[in-house]
Structures are given as structure tokens and as C-alpha cells.
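User: Please take a close look at the aromatic side chains in this model, and at how they relate to the nonpolar core and the strands around them.

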Amino acid sequence: MSLQTPSHPHSVSFAPDAPGYVLDPYPALEELRTKAPLYYWPEGRSWLLSRYEDATAVLRDSKRFSPNRDEWEFAAVAGSAALIPELAELNKGGLFALSGSDHARVRKLVSPALTPRAIERLRPELQAVIDDILNDLKGRNTINVVTDISDRIPPRVIGSMLKIPKGRETLFQRFTEAAIKSFLPGLLRPEEVPSLRADVQEGISLVRETIEDRRRNPLPDDILTTLIQTEEQGDRLNTSELLSLVAALIVGGFETTVHLIGFTVYNVLKRPELLAQVKAEPELLKGVIEEVLRFDNFGKLGIARYALEDVELGGVTIKKGQMVLVLLNSALRDESVFPKADVFDVRRNTNSSIAFGHGMHFCLGASLARLEVQLAVEMFINRYPALRLVKEPSFGPHPVIRKMETLEVQLNQQ
């Protein structure tokens with residue numbers, strides 16, 4: 001299959017696995033924005049779109065761009081269907097795969113369970129989970145925020161929301177990691193695939209089991225019971241849609257929040273004056289979280305869209321079936337929209353932020369992620385007023401995420 005390569009400068013290259021990119025991707029992203037805002041990246045078999053204006057144009061253009069992986073020209077040979085068929089099958093009933101009217105119908109059914117007001121009702125539940133995890137730090141002086149806090153809170157929160165038996169959350173975590181790593185299957189090493197596929201199979205079985213159990217034993221004020229009863233009252237939420245929605249809630253609920261907690265703690269602790277401000281004015285944390293998402297986004301790449309027809313954009317033609325990676329991390333540093341974009345400013349107006357997407361596929365779980373991170377960071381800082389960074393974080397390999405592996409902090413003064 002022939003690919004069209006644009007006439008961008010040959011001096012530009014994109015190497016997300018190059019040493020240093022994961023620590024600081026922003027110089028490379030600035031070069032793309034400046035020299036080749038629409039760049040065909042052969043290794044990823046995709047166009048890289050780095051400017052804010054182009055990013056929002058593509059994200060809101062649901063007539064010509066789809067998030068459905070099946071529309072990709074390489075779906076049959078390099079998509080998840082070729083490597084992890086169960087994941088491809090699961091995604092068919094998901095919001096990304098559904099067409100306009102079906103997407104609107106399903107989203108309308110699910111939205112009430114995830115509005116800011118509905119999520120606010122979960123505050124006591126979230127606080128109890130976070131309290132419990134922070135209690136485990138008693139008697140310790142130095143911890144790794146990633147493994148001791150970030151990795152532990154989201155599985156427990158989602159487990160609590162879905163009423164999953166304690167101890168099964170680690171299964172969900174492995175399922176999530178497998179689903180995220182399979183985002184760009186072409187970047188996976190062949191030897192990784194069998195274990196990822198096993199984790200996906202196990203995760204789907206657990207989701208199915210949980211849904212069936214809730215059918216038999218409905219619970220009051222329960223998100224899963226609400227979704228099931230919506231389906232059973234003839235409101236056309238079928239079983240595959242339900243399965244995909246719950247899986248998406250798990251994947252989205254884990255992935256964003258795990259990384260956002262770590263990156264937020266890091267960005268606050270490396271700025272002592274900001275730490276003091278947040279202690280004095282806890283409401284500031286909302287602005288801190290938005291600015292972390294904008295200024296130090298944990299995404300290594302971007303979100304994918306597939307052209308449904310030939311599209312002229314920025315002087316190049318994106319052919320039908322080609323993948324566009326919308327580099328949110330770059331768009332959120334675009335000076336034309338965010339003045340002094342390279343300055344971390346917690347009082348910045350972030351109304352234009354597209355960190356949780358844009359248009360009809362705006363992330364449904366954004367309110368949950370925001371509240372969870374806000375409570376986790378606030379409670380951690382309050383519990384340990386002498387918190388300080390021991391050293392800079394370290395990052396591990398990951399195809400699509402800037403995966404923080406260690407963030408060592410000291411809890412008490414010595």
C-alpha cells in the first residue's frame with residue numbers, strides 16, 4: 001500500500017524513544033510545531049499533528065475523522081485485531097467505534113452517572129480509599145510516590161465504584177496496562193504480545209463476571225446497576241456496549257489518574273513556593289492539576305484519529321484510512337493559544353485546554369480523574385507537611401506514555 005509523504009523539511013525527525021525525550025519532549029515538539037506541523041512519521045505509520053488549531057479542527061470533525069481503529073488502512077495487518085483479537089472485539093461496542101446516532105444514544109445513557117455532581121457524591125468513598133492507602137505509610141520516612149500511592153489509589157477507587165471484591169483490582173490493573181500498550185500495536189515487541197493478550201482475556205472475563213453478578217444482585221446508588229438497568233428497561237444499551245463501557249471506565253479511570261497523581265506531586269514538590277501556596281489555599285490545586293496536564297503532560301504521543309475520506313489540511317493531503325496522531329502535549333504548549341506557554345502558571349486560564357479531548361469524544365471520566373487527583377494530592381500534603389523531593393523522578397520504557405517509575409520523597413523532617 002503506497003503512502004504519501006509530505007514535503008516537510010528533511011532536517012526534522014521524530015524519535016520518541018531517543019534518550020531524553022521522555023524526560024523532556026518539549027524541544028522536539030516545538031521543532032515539529034515550527035518546522036513541520038503536519039509530519040508523516042513512518043515508524044508510527046501516522047501523521048503527527050502538533051499545532052493547537054489543527055488539533056481542535058481534527059478532534060471536532062467527526063464527519064471526516066473517526067477514533068475507530070477499524071478505519072485504519074493497516075488495521076488488518078498491524079491493528080489490535082491482528083495481535084489481540086479480544087481487545088478489537090471489545091472495542092467494537094465502545095464509544096470510539098460507534099457511529100453518530102449510536103454514539104450519541106450511548107453517551108446520553110452513560111453521562112448522568114459521570115457528571116461533576118454525580119462524581120461529587122463519591123467524595124466520601126474516595127477519601128476513605130485514599131486515607132486507607134496513606135495509613136499504610138505510617139512509620140516510613142522515604143517512599144516512592146508511584147508504587148506507594150499513585151499505582152494504588154485508582155484501582156481501589158474503580159474497584160470500590162464497581163464493587164469489585166478486594167484483591168481483584170490487580171487484575172484490572174494488568175488489563176488496563178495491556179489495553180494502553182496495545183494503542184499502537186506496531187510499536188509493541190512481538191515477545192510482549194502473548195502476556196498482554198492473556199491479561200486482556202482475564203480482564204474481560206472479570207468485567208463480564210462483575211456485570212453478571214450485578215444483574216443478579218442489583219445495588220442501590222451503584223454505577224454498574226444503573227447502567228445495567230438502563231439497558232434492561234429497553235433503553236437500548238446492549239451487552240457488548242455495556243461490556244465496552246465498563247472496560248473503558250476501568251482503563252480510563254486507571255491510566256489517566258495513576259500518571260496524573262505522580263506528575264502533580266512532582267510539579268508541586270519541585271516548586272517549594274507553590275507547595276506553600278497550595279497549603280495556604282487548597283482550592284489552588286484545581287488550577288495546579290489543569291496546568292500539570294497542559295505544561296507537563298504524561299502523554300508520550302497523542303490520541304489517534306483515522307481519516308474517513310481524503311482531507312486537505314495544512315497544505316498536505318491526508319489519505320482516506322490514514323492515522324493522525326493529535327499530539328495534545330504539543331498543542332497545549334502552542335504559544336498562539338497559551339501565552340508564555342513554557343511558564344508553569346497555576347492561575348492561567350485553561351478554558352482552552354484539550355487535555356481531556358475535544359468535541360463529541362471529550363473524556364467522560366474527566367470529573368472523576370480531577371476529583372481523585374485533587375483529593376489524593378491534598379490529603380497527602382496535609383498528612384505530611386514536611387514533604388520534600390529526594391531526587392528527580394526516573395522513567396521507564398513505554399510505547400505511548402511518559403511512564404514515571406520512581407518519585408522518591410521524604411515524608412518527615414529529619
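Analyst: What follows goes from the aromatic pairs to the core and then to the strands.

This is a predicted model, in which local features need pLDDT of at least 70 and side-chain atom pairs count only at pLDDT 80 or more, while totals for chains, interfaces and linings use all residues. Residues are numbered from 1 along each chain as its sequence is written, and side-chain values use heavy atoms, with hydrogens and water left out.

Rings of Phe, Tyr and Trp (for Trp, its six-membered ring) are taken to pair if their centres lie within 6.5 Å, with planes under 30 degrees apart counted as stacked, those over 60 as edge-to-face and the rest as tilted. The count by this rule is 10 aromatic pairs. One of them joins F14 and Y21, whose ring centres are 5.7 Å apart and whose planes make an angle of 85°, an edge-to-face arrangement. Burial is judged by relative accessible area (buried under 20%, exposed over 50%, partly exposed in between, with a 1.4 Å probe and protein chains only). F14 counts as buried because its relative accessibility is 5%, and Y21 is likewise buried, at 5%.

Another pair is made by F295 and F344, which is edge-to-face because the planes stand at 85°, with 5.3 Å between the ring centres. Helices (H or I, at least four residues) and strands (E, at least two) are DSSP runs, numbered from the N terminus. F295 belongs to helix α16 (residues 284-295), whereas F344 lies in the loop between α17 (328-331) and α18 (366-383), so the pair ties together parts that are 49 residues apart in sequence. F295 is buried at 11% relative accessibility, and F344 is buried at 15%.

A charge is said to sit over a ring if NZ of Lys or CZ of Arg is within 6 Å of the ring centre and within 35 degrees of the ring normal. The charged end of R333 sits over the ring of F295, 4.1 Å from its centre, and R333 also lies over the face of Y26, at 3.7 Å from that ring centre.

F14 leads on to the core. A nonpolar core is a set of buried Ala, Val, Leu, Ile, Met, Phe, Trp, Tyr and Cys residues joined through side-chain atoms within 4.5 Å. The largest such core has 139 residues, and F14 and F380 are among those with the most contacts inside it. Helix α14 (residues 239-269) gives the largest share of this core, 16 residues. With neighbours within four places in sequence left aside, F380 is in contact (heavy atoms within 4.5 Å) with residues including L134, I149, V265, V409 and L411. Helix α18 has 14 of its 18 residues buried, so it is largely enclosed by the rest of the structure.

Two strands pair if DSSP finds at least two bridges between them. W41 stands opposite S46 in β2, and β1 and strand β2 (residues 46-49) pair in the antiparallel sense over four bridges. These two strands belong to an open sheet of five strands with mixed pairing, in the order β1-β2-β8-β5-β3. Its edge strands, β1 (38-41) and β3 (65-66), each pair on one side only.
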